[in-house]
Amino acid sequence: MALGTDYAQQDCSLARALEVVGERWSLLIVRDAFYGVRRFNDFLVHLDIPRAVLTARLAALTGAGVLRKEAYQQSPPRYDYVLTDAGLDLWPPLHALMRWGGLHASAGEPARTFHHAVCGTRLDMTGGCPVCGVAQVAPADVERRYLRPGDRPGRADPVAAALTAPARLLQPVRGAAGAGAFAGGDDPGNS
């Protein structure tokens, strides 16, 4: 018997949140959106996700109001996927999960760290800046850094290469799509 996709019997806001972002791949799509990935093929290439699954997850995240589509080309229609205010509100739990994963589910130091762009201080576990006294640094004021400049990331795609450079969150990253390469055809999320 297949597992259900909702938690109808659970009267709990965590269960409702899991219905939106609890599917496999959903949080990785949201993570990449914070990193600045916006285009269908860039998500596809960087996550190495099946095309049909990516299409379904983007539709679900858009339908739930986590992402919105912004046209960047009219003929044929092509869209960027951009975090909404509801999507931006996922930064604190996403950051906490990444920090938790670095401490308890990964070997060694994390590949990426997050810093307050204003002063350069690494964010604490709750996403605050201990030096500036900011309790929760806004995503636009967070800089991601790749800690292993001599190493290549585990992935060798153009998006992964672009993500090795320090940059603020939410700044558009162009990988495969930025080069005009739409491997495999049109963005099926164009409807």
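Guide: What follows goes through the strand pairing and then turns to one helix contact. The model is predicted.

Strands of a sheet pair through backbone hydrogen bonds, either parallel or antiparallel. Here an open sheet is made of three strands, in the order β3-β4-β5, with antiparallel pairing. β3 (112-116) and β5 (167-168) are at the edges and have a single partner strand each, so one side of each is left without a neighbour in the sheet. Between β4, which covers residues 142-146, and β5 there are two bridges, and these strands run antiparallel. E143 has R168 of β5 as its bridge partner.

A further pairing involves β1 and β2. Strand β1 spans residues 67-73 and strand β2 spans residues 78-83; six bridges join them, again in an antiparallel arrangement. Within this pair, K69 stands opposite Y81 of β2. The two strands β1 and β2 form a hairpin, with four residues between them.

That leaves the helices. Two packed helices are described by the angle between their axes and the distance between the axes. For α2 (residues 26-35) and α3 (residues 40-47), the axes come within 11 Å and cross at roughly 115°. The crossing of α2 and α3 is right-handed. On the α2 side the contact is made by L28, I29, R31, D32 and A33, and on the α3 side by F43, H46 and L47. By class, the residues in the contact of α2 with α3 are five nonpolar, one polar and two charged.

How values were computed:
Residues numbered from 1 in each chain as written. Predicted model: local features only at pLDDT ≥ 70, side-chain atom pairs only at ≥ 80, totals over all residues. Heavy atoms only, no water. Pairing = 2+ DSSP bridges. Axes fitted to C-alpha atoms, helices over the stretch in contact; angles between N-to-C directions. Left-handed = near helix turned anticlockwise from the far one by under 90°. Contact = heavy atoms within 4.5 Å. Nonpolar A, V, L, I, M, F, W, Y, C, P; charged D, E, K, R; others polar.
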